[in-house]
2 protein chains.
Amino acid sequence: MNCEIIAVGSELLTPYRQDTNSLFLTDRLLQLGVNVTFKTIVGDRLANLANAIRIALGRTDIVITMGGLGPTEDDLTRQAVAEALGIRLRRNPDIVGALYARFAARRIQMTDNNARQADVLDGSVILENGRGTAPGQWLDTVYGEHRKLVILLPGPPTEVKAMFDEQCMDRLRAVVPKRTIAMRTLKAAMIGESQADARIAPIYTKYKDVDTTILAHTGDITLNLICSKGDQETAQARVDELAGKIEEELEEFIYSAQAESLEQIVLYYLGMHASTLAVAESCTGGLVSQRLTSISGSSRSFVGGAVVYSDELKTLFAGVPPSVIEANGAVSKEVAGALAEGIRRKTSATFGLGVTGIAGPGGGSEEKPVGLVYVAVSDGKQTDVVERRFGGDREHIRAWTSQLALDLVRRRLK
Amino acid sequence: MNCEIIAVGSELLTPYRQDTNSLFLTDRLLQLGVNVTFKTIVGDRLANLANAIRIALGRTDIVITMGGLGPTEDDLTRQAVAEALGIRLRRNPDIVGALYARFAARRIQMTDNNARQADVLDGSVILENGRGTAPGQWLDTVYGEHRKLVILLPGPPTEVKAMFDEQCMDRLRAVVPKRTIAMRTLKAAMIGESQADARIAPIYTKYKDVDTTILAHTGDITLNLICSKGDQETAQARVDELAGKIEEELEEFIYSAQAESLEQIVLYYLGMHASTLAVAESCTGGLVSQRLTSISGSSRSFVGGAVVYSDELKTLFAGVPPSVIEANGAVSKEVAGALAEGIRRKTSATFGLGVTGIAGPGGGSEEKPVGLVYVAVSDGKQTDVVERRFGGDREHIRAWTSQLALDLVRRRLK
């Protein structure tokens with residue numbers, strides 16, 4: 001079975017806002033073996049909305065709308081679906097009552113327009129909304145002699161997620177023919193997309209039954225392997241076999257075979273070694289620490305560190321001797337090493353990580369151009385320093401450098 | 001005139017990747033006064049792609065496709081447009097020659113499939129691609145007795161942007177009727193979307209000629225005002241008048257009337273006062289520093305600071321007396337204040353900023369629940385401390401807290 005997702009809202013046709021719900025829905029539908037073949041984004045105009053729904057009904061089995069279920073004049077999805085299918089809307093007194101009760105509980109006078117949210121398509125099942133006022137609707141119907149499922153969901157992401165997981169997944173499972181679907185996600189760090197592809201294309205192209213997608217994002221590569229051929233066991237075996245061969249080929253670059261993030265893996269390795277980490281970062285300005293502390297429970301292995309944006313702070317917080325900065329410059333392998341050693345010593349962490357570089361756009365020179373970075377890790381006995389030169393803008397250079405820094409710790413701990 | 005944007009690529013129908021080019025295109029089209037009325041996302045299947053193009057031709061004046069122009073079997077956009085319009089593709093020998101030359105310069109043997117990129121729609125103008133191999137196409141044609149513009153762009157964002165700005169904007173300006181378009185962007189911090197809307201809706205609803213969009217993102221609100229009625233001067237005056245009234249109503253929450261970010265504004269105020277800032281952050285774990293250092297030139301006003309994730313580091317780097325932590329707990333207004341005062345003293349910055357809180361999901365108690373945060377700013381004489389309780393998950397709490405911290409500095413400096 002296939003599906004079209006329609007995101008409704010004029011704001012989604014401006015430069016300022018984008019539909020993101022469809023990524024969530026696509027993920028869930030993929031789990032069920034439903035292919036999304038079209039996504040349409042349409043504004044709050046009845047004619048356009050009804051047009052989009054009619055077209056979707058003509059080309060897919062399942063049509064899911066998101067948005068346009070609220071109480072205002074602009075909320076036209078119910079009406080548009082009714083028009084497209086040629087069926088009636090009826091105001092449901094139970095929903096009207098529940099809306100009144102909801103407003104009364106908050107001691108707010110309900111305005112009349114709210115009752116529009118109680119208009120229900122003839123024959124549809126009401127999907128309750130635990131997180132907002134607008135209920136969704138589930139309609140199993142016939143259009144042009146074909147059975148069609150039409151699902152009306154609200155727009156806010158938290159409402160969409162809860163309603164879909166709690167009230168649509170089981171219903172869909174009962175309707176959608178059971179399909180084989182085997183997946184694996186591999187993650188790799190510090191290898192370019194084309195370089196990775198050049199190495200693994202000769203492998204994955206031999207697995208014609210497995211869909212391999214490469215997604216690259218500033219030094220972080222996600223490989224999604226999906227197989228929907230044959231029975232479930234065979235499909236999973238094929239995916240696992242291909243995953244194994246890719247892991248072998250990209251060996252040292254692969255950091256997870258289970259879709260974890262690099263931050264999670266670094267913290268996992270630290271925990272496994274009962275070790276702690278402290279960070280002294282200059283050019284990344286807090287980004288490395290921020291990434292580690294974004295993970296819940298990181299305080300068990302990450303003690304903190306310093307953002308040493310000035311030379312004085314490099315000395316004050318990471319004990320880098322001013323003479324080392326003077327002799328080599330703040331962006332140098334000596335200072336990176338001294339940052340790693342110093343922050344480790346000061347904080348008594350097992351490992352110290354030092355980061356220095358030129359993020360740009362200013363501050364570069366012929367000898368030390370924008371994008372030149374040094375990253376070091378030290379356990380007090382051994383200090384490894386890596387030099388790299390990244391292209392791109394400030395954000396790009398900082399993101400790659402934070403990835404390089406985390407990956408250096410991972411390689412040291414592996 | 002109106003436009004439909006079609007993003008082509010099966011990867012855009014997976015949970016892993018999303019079209020982002022359309023935000024850029026929507027912005028440029030808005031500047032020209034062209035409304036985007038539909039966006040469609042379709043995979044690499046000829047039938048589906050031709051279907052999407054036919055539908056777009058039937059409902060809009062301008063159809064822009066992105067993607068599907070490369071050399072592989074999956075790149076079907078040229079063919080689909082030819083099919084939808086019933087016109088022919090001809091292989092252009094000049095483009096074939098240029099492709100051979102391009103490959104030869106890199107000493108790579110060109111594979112035959114690359115020549116598909118030289119297939120040109122009858123009557124179309126070739127849009128050269130300075131950043132990739134696939135040229136775009138511009139076709140001024142007739143479909144169902146109506147004049148239609150069909151623009152074929154490549155998929156990679158850098159190629160789309162360069163090709164559109166350099167080769168499409170002027171061409172469109174010559175075709176699109178000149179339209180009034182006046183804009184303003186206001187930014188506000190630490191006010192909820194519904195709260196802001198409740199206060200300003202009575203104002204902006206009186207300006208029926210101005211489109212007001214509110215975009216909220218973890219404590220940061222963007223208000224876009226757009227007017228396309230009347231002549232340019234009147235429209236700009238209307239937008240400016242409304243902007244002025246909104247500024248008056250939301251007064252202390254508004255931090256920019258020119259679309260700057262909060263980070264930029266904080267650094268701007270610091271520069272204006274010839275002041276410097278240092279940060280000691282616990283629960284935000286580097287996020288505040290990372291946001292400030294994301295701005296180029298931030299080193300002039302931001303000296304750095306410490307990520308004090310453990311009690312020991314709060315004492316070591318920000319000089320918080322262990323007795324203060326013991327008596328009040330690490331998450332307390334006393335510790336927030338001591339962090340701000342201590343990091344200022346240690347670093348000799350003009351201002352110190354201290355952040356502590358419980359980001360969750362663990363670590364909360366009845367007395368000090370998840371989401372409780374304290375933020376303090378100090379100049380050595382006066383220390384302001386703010387207590388807030390945020391809802392949501394770890395990421396949400398950290399993002400709001402970083403916003404609160406930056407906004408506290410802004411309000412102090414204003």
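**Entry 1: a buried pair**

I began with two residues of chain B and found that both B:Glu263 and B:Arg291 are buried (buried means under 20% relative accessible area, exposed over 50%, and partly exposed in between, with a 1.4 Å probe and protein chains only). Their side chains meet in a salt bridge of 3.2 Å, N to O (a salt bridge is a side-chain nitrogen of Lys or Arg within 4 Å of a carboxyl oxygen of Asp or Glu). I then looked up where they sit: B:Glu263 is in helix 8 (residues 262-272) of chain B and B:Arg291 in helix 9 (residues 287-293) of chain B, so this pair links distant parts of the chain, 28 residues apart. Here helices (H or I, at least four residues) and strands (E, at least two) are DSSP runs, numbered from the N terminus.

A note to myself on the model: it is predicted, local features need pLDDT of at least 70, side-chain atom pairs count only at pLDDT 80 or more, and totals for chains, interfaces and linings use all residues. Residues are numbered from 1 along each chain as its sequence is written, chains are lettered from A and ligands numbered from 1 in the order in which they are written, and side-chain values use heavy atoms, with hydrogens and water left out.

**Entry 2: other salt bridges**

How many salt bridges are there over all chains? I read off a count of 37.

I picked B:Glu4 and B:Arg59, whose side chains meet in a salt bridge of 2.8 Å, N to O. B:Glu4 belongs to strand 1 (residues 2-8) of chain B and B:Arg59 to helix 2 (residues 46-59) of chain B, 55 residues apart. B:Glu4 counts as buried because its relative accessibility is 0%, and B:Arg59 counts as buried at 16%.

Next came B:Asp122 and B:Arg90, with a salt bridge of 2.7 Å, N to O. B:Asp122 lies in the loop between strand 5 (119-121) and strand 6 (125-127) of chain B, and B:Arg90 in strand 4 (residues 89-91) of chain B, so the pair ties together parts that are 32 residues apart in sequence.

**Entry 3: around A:Thr383**

I moved to chain A, where A:Thr383 is placed in strand 17 (residues 383-389). A:Thr383 is partly exposed, with a relative accessible area of 27%. Which residues does A:Thr383 touch, not counting residues up to four places away in sequence? I noted A:Gly337, A:Glu341, A:Ala376, A:Val377 and A:Ser378 (contact means heavy atoms within 4.5 Å).

Two of these came up again as polar contacts: the side chain of A:Thr383 is joined to that of A:Glu341 at 2.7 Å and to that of A:Ser378 at 3.0 Å. A polar contact is a pair of N or O atoms within 3.5 Å; within protein, one must be able to donate a hydrogen and the other to accept it, and residues adjacent in sequence count only if both atoms are side-chain atoms.
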